[in-house]
Amino acid sequence: MGIKKRVSRRAVVRAGAALGVLPLLSSRAVAAPLVRYSVASAQGQAMLAKFSEAVKRMAARDAGYPLSWTFQWFTHHVHADSSKERELARLAPERRALAAEMWDTCQAHGGHGIEEFFLPWHRIYLYYFERIVRTVLADPTFTMPYWNYTDPAQRALPVAFCVPASSSNSLYRKYRRASVNRGRALDEGQSDPSPLNLGCLDQENYLPTDGVTQGFCLNIDQGLHATVHVLVGDRRGMGDITWSANDPIFWLHHSNIDRLWASWNEAHDNPDNAAWREREFIFADEKGVRIAAKVGDFLDIGALGYGYDQLERVMVAFVPPPLPSLPLTGPPAGASATVGVAPPRPGKRAARPAGAPPPSQIATASGPVAMGASPVKVELNAPQAVAAAPGGAPETAAPPRVGARPQAPPTAAAPPSKRLYIVIRNLQAHAQPGVLYNVYLEVAGGRAMRLGTINFFDAGMNGMMSQKFASFDITGIVDGNIPSKEIGVTIAPVGKPASDAQPVIGDISLVSG
């Protein structure tokens, strides 16, 4: 009997691309032993009731016990009112060794700043936390529900986290925005399109590849992930890195982030290097036993024994393998001059071609930009005359969704060779401002077009400067042409930022790449 070879979905997609077909990977149910459900579903509500009971039981246990609420919270980060050293000193000597290895180990935040491990570290964290909840409940069927706040119908905090609004409710936390705890939509008062969107799924690579495109990991971390933390709030809750894991909604939030990573993986690959895959992190399993978890063992959720009731649709635009050699007399009659290269879908661009020249900074702000309670306009220094590819959405087009690239003309036969970006780097704050900031680009006629949002979630910790960056593709907005005069960028807080935050943007640049 012959051996059956498993064909991956990615292989099917790439084969379709080679035929000029760009399929949508539709959301679908998964066949897995355990399924994580949307909290909006009946199954998700049943799991949420179980989780509420588990939080109550875990909170009653000693902080030094690995299955306790505090021990698991401190794995992410010890709260800002204390320190890891002080909290370790409170533990019995036999409990300190494991806590010393586990606590304060969130990789992308809190001083570590190792962005590439944001997704796998939190996946491992959630995986073992979920197993701990099963043990606490003596219920092997429990799975962590997810909160799909990108669905306009689910943008309010699930009711069980707000009602009753008392300490009798293990899911309730008073340290959230008052409006959120009153059941208002998370993005109430924000500009349209909502910052709660799926623009992260448009990223073609896991990591930044050229210093101007963020890649999926950074985009979802600094974008959607951080946005939800800021909008739930506040400084003693989800809005602060050190307190966030004390809010039970943290776990449903990260269940959704993990679901989006699984969705993106349906069409895209994770890093393929040994150093990344071999990296280990220390956690405790459901028996409280020390576990050295390797990243490479946590990349396939099916192999881990769980799945999601629904994944998001991911549009793909692959450059196919080389076609068989053709005579050098031009393309067949009626064919595009770019035979063998599938055009990028609207809102996406093809991957940066191998050997392309590195991006170049062509205009920049004169120095750091201090933010206050009012919008701040920054003039970028007069750019050099660098040609960008023509063609793009006219300036009157609707602004692109946050995290997505502006739409290219549907008839474009090939990806443009140059793109224009506004890149924002080196954010710093003395404390969390507690608001998002809209980013606008001045276009012809003095009008301002919104590019998206930034936040200081990763920057408001002990005055540290974030090494992350935000990037907005403006090629379509300026019609592929670099203005000959100064470029105006305005940063405007959405709401009233905390007066003691003192946020500063270190660098705003116009980059061609």
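Analyst: In this predicted model, there are 23 salt bridges.

A second salt bridge joins the side chains of Lys468 and Glu115, with an N to O distance of 3.0 Å. Here the linked parts of the chain are distant, 353 residues apart. Lys468 is found in the loop between strand 12 (448-454) and strand 13 (469-473), while Glu115 is found in the loop between helix 5 (93-102) and helix 6. Buried means under 20% relative accessible area. Lys468 has a value of 7% and is therefore buried; Glu115, at 14%, is buried because its value also falls under that cut-off.

Arg123 forms a salt bridge with Asp258, and their closest N and O atoms are 2.5 Å apart. Arg123 lies in helix 6 and Asp258 in helix 10 (residues 249-265), so that distant parts of the chain, 135 residues apart, are linked. Relative accessibility is 2% for Arg123, which counts as buried, and 4% for Asp258, which is likewise buried. Through shared partners, salt bridges join Arg36, Arg123, Glu130, Arg134 and Asp258 into one network.

The sheet comes next. In general, strands of a sheet pair through backbone hydrogen bonds, either parallel or antiparallel. In this model, four strands form an open sheet in the order 9-14-11-12, and their pairing is antiparallel. Strand 9 (376-380) and strand 12 are at the edges; each has a single partner strand, so one side of each is left without a neighbour in the sheet. On average, neighbouring strands of this sheet are turned by 25 degrees against each other, direction ignored. Within the sheet, strand 11 (residues 436-442) and strand 14 (residues 487-494) run antiparallel and are joined by six bridges. Leu441 has Val489 in strand 14 as its bridge partner.

Conventions. Residues are numbered from 1 along each chain as its sequence is written. This is a predicted model: local features need pLDDT of at least 70, side-chain atom pairs count only at pLDDT 80 or more; totals for chains, interfaces and linings use all residues. Side-chain values use heavy atoms; hydrogens and water are left out. A salt bridge is a side-chain nitrogen of Lys or Arg within 4 Å of a carboxyl oxygen of Asp or Glu. Helices (H or I, at least four residues) and strands (E, at least two) are DSSP runs, numbered from the N terminus. Buried means under 20% relative accessible area, exposed over 50%, partly exposed in between (1.4 Å probe, protein chains only). Two strands pair if DSSP finds at least two bridges between them. Axes are lines fitted to C-alpha atoms, for helices over the stretch in contact, and angles run from 0 to 180 degrees between N-to-C directions.
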